[in-house]
Amino acid sequence: MRFDIFTLFPEMFAGPFASSIVKRAQEMGRVEIALHDIRAYATDKHHTTDDTPYGGGGGMVMKPEPIFAAVERVLGERLSSGKSATPSAEIADTVRSYDMGVPIILLTPQGRLFTQSVACELASHEQLLLICGRYEGVDERVREHLVTDEISIGDYVLSGGEIPAMVVVDAVVRLLPGVLGDPAATHNDSHATGLLEYPHYTRPPVFRGWAVPEVLLSGNHAEIARWRREQALRRTLDRRPDLLGSADLTPADRAYLEKTSSLSEKDFGSCP
Ligand code: ADE
């Protein structure tokens, strides 16, 4: 899978992409990440990438021209690779339709909320383009005529889309087949099942007087599975009861939740 990231601060990505899973995925050839400096596509002498807003008001707005130019270059390269016979005017027309099946995503607090299911959806593409907004915002024509999707990583405002782009890349990369050593590793992740994950313990069995729950040392796999499921349910009920409405719950799960709380059946919604 290939990620093309458009940013005014490519140096911000050096640390996160050179460690851990994302680094390994690149070394394995499973993931390719290309960083594109938007400033390099500004054609004026000062490489201007922002300007004051029409209509007044504070702050600066990112100009459309360098963003369009950078994205068109990448889409054009994709089209022309292996198709050198295609006339360049035809390539330019196709590129300008921005309808090549490649998501062009603007990271913005105004986007749809990034969740595990959005990460799964994005992981099914072979290429993603991520545009990192900055300043007060991005010229609206980028939204209207270039991007195909807008994503927010949460209801708070960061200084730009760079950290959100890193979040998206990390969450998507670990879902790609072959990236995590254990193929089952993501199955029980918090949110993957619609519930928060159960608690984990490792050696020593007693640390400063705090013992690991006995059932985990019992060797009884059915009991362990039941304990984990109940812990996940209880934890979700305590911390994120909003998730229970859309979680895939069995009758046994519902019975456990009813026993554990005073919530009634209807509060859990219905299974699909
Ligand atoms: N840019 C600034 N804040 C953001 C957020 N919460 N999500 C995505 N992009 C952003």
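This is a predicted model: local features need pLDDT of at least 70, side-chain atom pairs count only at pLDDT 80 or more; totals for chains, interfaces and linings use all residues.
Local features are given for pLDDT of at least 70 and side-chain atom pairs for pLDDT 80 or more, while totals for chains, interfaces and linings use all residues. Residues are numbered from 1 along each chain as its sequence is written, and side-chain values use heavy atoms, without hydrogens and water.

**View 1. The aromatic pair of Phe 13 and Phe 17.** Rings of Phe, Tyr and Trp (its six-membered ring) pair if their centres lie within 6.5 Å; planes under 30 degrees apart are stacked, over 60 edge-to-face, and the rest tilted. The count by this rule is three aromatic pairs. In one of them, Phe 13 and Phe 17 are tilted, at 5.4 Å centre to centre with 40° between the planes. Both Phe 13 and Phe 17 are buried (under 20% relative accessible area, with exposed over 50% and partly exposed in between; 1.4 Å probe, protein chains only).

**View 2. The aromatic pair of Phe 207 and Trp 210.** This pair is also tilted, with 5.9 Å between centres and 55° between planes. Phe 207 is partly exposed, at 43% relative accessible area; Trp 210 is exposed, at 57%.

**View 3. The crossing of helix 5 and helix 7.** The axes of helix 5 (residues 116-123) and helix 7 (residues 162-173) come within 9 Å and cross at roughly 75°; axes are lines fitted to C-alpha atoms over the stretch in contact, with angles from 0 to 180 degrees between N-to-C directions. Helices are DSSP runs (H or I, at least four residues) numbered from the N terminus. The two helices are therefore roughly perpendicular (65 to 115 degrees). Ala 119, Leu 122 and Ala 123 of helix 5 contact Val 168, Ala 171 and Val 172 of helix 7 (heavy atoms within 4.5 Å).

Technical notes: Angles under 35 degrees count as roughly parallel, over 145 as roughly antiparallel, 65 to 115 as roughly perpendicular and the rest as oblique.
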